[in-house]
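Colleague: Please take a close look at one strand and its neighbours. Keep it brisk.

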Amino acid sequence: MNYQEKEKEEVKKERKEEFPEEEVDKECPACKTINDLNAKFCQECGYKFFKEGSEKLKEPVPQIIQEKKEEKGEEKKEEVKEKKKSFFSQAQIESIRKSEEEMKKKEETTKIQAVETGEAQKQDTLSEVIYVTDYGNHCIQKFTTEGKFLTKWGREGEGSDGGEFNCPCEIAIDSHYNVYIVDNENFNIQKFTPKGVFLNKWGGEGSAEGEFSSPNDIAIDSQDNIYVTDTGNERIQKFTPEGKFITKWGNIRYIKITIDSQENIYVVDSPRIQKFNADGAFIIQWGGEGSANGEFSSIGGIAIDSQDSVYVADTGNNRIQKFTSEGAFIIQWGREGNGDGEFKNPDEIAIDSQDNVYVKDSHNYRIQKFTSEGELLTEWGRHGSNDGEFSDRYHIAAIDSQDNVYVTDNRNHRIQKFTSEGEFITKWGREGSGDGEFSSFIFGIAISKK
């Protein structure tokens, strides 16, 4: 016996002399588990420990665990459960059962949360759908974000019945996922459920309140009020979600309209930007023809980031300009060329959730991505019909909740989807009038929850 073993034996002996009635050695004879000195039952199998000299149970303790190599772990667990039942009361057994069930539920919840965390972004994207206005086929088509065809509605007509279109162009979605279509040549706005069920329409050709002459763009504020650019009448008209006229204001040569977080309305009235409040009251304007900071030459597009900074595609000057919401110049970048950060007719601009800026570099047939300060991050695309290539008429159509970028590639009769880094994901569409097929002009696109 070595020194350590001898010391342990002496400690045991002293302990037994001081507490002669206490069981010192707590190794379970049934399953060989070492238990706490004060334990009354084996923590593994439930075997009851006895004081020296006391009577044992009248019924012998059954063999709990048989040390057989061929036994499986589950068989041992079942035998242990049976042993526990022989030593615990029914109330104790029920309490143990409930504890085990609660523990199992917690484990399942933890697993579900882990899966949800890992799949959250994927599920967010899968819960979104894409609506496309097929201008030439006079219909609306609906797809998943992976391009799977879901449904379509509409037919060519004079607009006397709901769902009849004559060159539907822009599209917008309200907070209840209702779909609003600008029916350009029928001079009206049509409203549908997410499944394409007709709800309402309003308009008609003319210049009176609620009438239109070449309606073009549409925007919706946080209260679901509808703003329509009445291009032929050089004005903006505002309506309730049911189409009731609210107000109008004008003398605007419209190109594009957008709304900031404070419900202010920005209108591209090239070569200037005009800003109005939600009631149409004029706030400020800036711009003018030229190439100096804050001046423009043929404005192609406008976008607003999360801080309400305003970005303008100054197409004729081959640059992007950034302003405060009050029109104060901040920064500009770009010049004519085909190198990094250079442009040939940049005429569209879009902002993602991180305030990165995507620019359609039109005549270079590519998209360039920048930080909000104009630092180039990446670029992709060239002229062609292969994956990641673009035709003569392409548009940055939309950006989804995961910052995937959707491009309408009109001459190739398709929609292409890319990651925020420009990696090709998928495409869908071809020329035709069937399900999932497009005419030569895919005009509007909008992303919505299902």
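Modeller: Start at a turn. G147 takes a positive phi near 95 degrees in the hairpin of strand 2 and strand 3, which has four residues between the strands. Strands here are DSSP runs of E, at least two residues long, numbered from the N terminus.

A word on the source. This is a predicted model, where local features need pLDDT of at least 70, side-chain atom pairs count only at pLDDT 80 or more, and totals for chains, interfaces and linings use all residues. Residues are numbered from 1 along each chain as its sequence is written, and side-chain values use heavy atoms, with hydrogens and water left out.

Now the pairing. Two strands pair if DSSP finds at least two bridges between them. Strand 3 covers residues 149–153. Four bridges link strand 2 to strand 3, in the antiparallel sense. Across this pair, F143 stands opposite F149 of strand 3.

Turn to the other neighbour. Strand 1 (residues 128–134) is joined to strand 2 by six bridges, and the two run antiparallel. V132 has Q141 in strand 2 as its bridge partner. These two strands also form a hairpin, with four residues between them. H138 sits in that turn and has a positive phi of about 55 degrees.

Last, burial. Strand 2 spans residues 139–144, and six of its six residues are buried. Buried means under 20% relative accessible area, with a 1.4 Å probe and protein chains only. Both faces are covered. One side carries C139, Q141 and F143. The other carries I140, K142 and T144.

Notes:
Buried < 20%, exposed > 50% of the residue type's maximum accessible area, 1.4 Å probe, protein only.
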